Amino acid sequence: GEERVNGTMTTRLDEGERTTRINIAGDITPLLISEFRPFFGDDIQLSSQVRQPAEGGLVLDDLSLNSAALQVEGALRLDAANLPEHVDITATILPPNNAARVRLPTGGVNADVASAALAVTYDRAEGDSYGLTADLTELTVDALRVPEAELTLAGVIAIDGTVVDATTGDFDLAVRGLAHSDPAMAQAISPNLDASAMLSWVNGAPVILSDLELTAGDVTATGGASAQSGDGTLDVILSLAAEVGALDRFAALAGQPLSGSADLNITGAVEVLSSAFDLAINGTGTDLILAEAVPAEVFAGTTSLSLEARRNVDGTFIEGLSISAAELSLDGDISLSSGDTALNAAFQLAEVGRFTELLNGPISATADIARTGTAPFDINLGLTGPNDITADGIGTFDAVTGELDVALEAGVRD
């Protein structure tokens, strides 16, 4: 076939040290789809000197990689244990030929950008500190537009001999002008987003994310987490809190009227690889409107939510579920497993007349549903309401055949 890349690569061996000089260039645009060709152009160039000392390690000097839109320059040095001694690398993306933006060579999404830059620095001879900065302007990814974003990461790397003893990092992200072409999504997201956190790790200990603070308009999140891998496990401990000042910004996205404010707290543990978890969840809402069919009086004032959720080899369990609102309450427990399944719930509504003109007054309902193995579900239902209305249902439901057999007994005051 036609030659696309040419140049030179020379290697010299001197007292155990191998030095390779690379200088190659070429045109690979015929191999690319047309949308990616402006990014690479018809003359990609790579040059560098790579040294491999006799005692081990790697020295990359005078790195230069250039395409029509991308420029990478810098140097890298690793010690005999392949740990960093020196890093000084910069990368920039600028549209060629004074174009306003350039399509990025990303698969699965349509992405383009007006400019982007990345810089990474570290020099062990000068101390333990490292730094990373990244910024971009006018990034679009499908329907999402990011006019301006800036990321910084700064910390220390403590190296002792051939191992990294500890590392830290202060993370800051600022996004400005965030927008979306879908009106519902545009209303839900905030144009400005700020996030910061601290990362830390000590050899043999978990990776810790602390002092998390995220703000996107009137949505905030705080907290922290830790993660540690073991024999086939990845354990995450978390403590997170979130607040939403005005739920109505999510109404169009949900396709339902939403209003009020809410906060949520999640604490517990997750084993990522097996999807096991043990979490405590609680939150409150104020003057909630959650659906058009639910009158505002039901969730007026403060609504509280609490539950504990577990998933392990025995099954999935929700315990202590409690929702308490001005005119509604729900309490229950749920267990799902290959052996046994059970649901126990109690529901109270202070005024059924908000949903129908036929009755006025409180109603309450109970449900006890249980199943052993693949046997039919045992069902026990109860209902009481105004005018001494009572209803009880006892029976079974076969999930295999779909057969429902429930005997109902109802009564009402004359």
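Is F377 buried or exposed in this predicted model? F377 is buried, at a relative accessible area of 15%. The legends below take the aromatic pairs and then a charged patch.

**View 1. F377 and F397 form a stacked aromatic pair.** The ring centres of F377 and F397 lie 6.3 Å apart.

View 2. F377 has a relative accessible area of 15%. Buried means under 20%, so F377 counts as buried. F397 has a relative accessible area of 29% and is partly exposed.

**View 3. F39 and F40 form an edge-to-face pair.** The count of aromatic pairs in the model is two. In the pair of F39 and F40, the ring centres are 5.2 Å apart. The planes stand at 75°, so the pair is edge-to-face. The cut-off for that class is over 60 degrees. F39 is buried, and F40 is buried too.

**View 4. D170, D172, D211 and E213 form a negative surface patch.** Two strands each give two or more residues to this patch: β12 (163-176) and β15 (207-216).

**View 5. D211, one of the residues of the negative patch.** D211 sits in strand β15. Its relative accessibility is 55%. Exposed means over 50%, so D211 counts as exposed.

Key:
Residues are numbered from 1 along each chain as its sequence is written. This is a predicted model: local features need pLDDT of at least 70, side-chain atom pairs count only at pLDDT 80 or more; totals for chains, interfaces and linings use all residues. Side-chain values use heavy atoms; hydrogens and water are left out. Rings of Phe, Tyr and Trp (its six-membered ring) pair if their centres lie within 6.5 Å; planes under 30 degrees apart count as stacked, over 60 as edge-to-face and the rest as tilted. Buried means under 20% relative accessible area, exposed over 50%, partly exposed in between (1.4 Å probe, protein chains only). Patches are made of residues with over 30% relative accessible area and no salt bridge: like charges are joined within 9 Å, nonpolar side chains (Val, Leu, Ile, Met, Phe, Trp, Tyr) within 5 Å. Accessible areas come from the Shrake-Rupley method with a 1.4 Å probe; for residues, only the protein chains shown count as cover. A salt bridge is a side-chain nitrogen of Lys or Arg within 4 Å of a carboxyl oxygen of Asp or Glu. Lys and Arg count as positive and Asp and Glu as negative; His and the chain ends are not counted. The place of a charge is taken as NZ of Lys, CZ of Arg, CG of Asp or CD of Glu. Helices (H or I, at least four residues) and strands (E, at least two) are DSSP runs, numbered from the N terminus.
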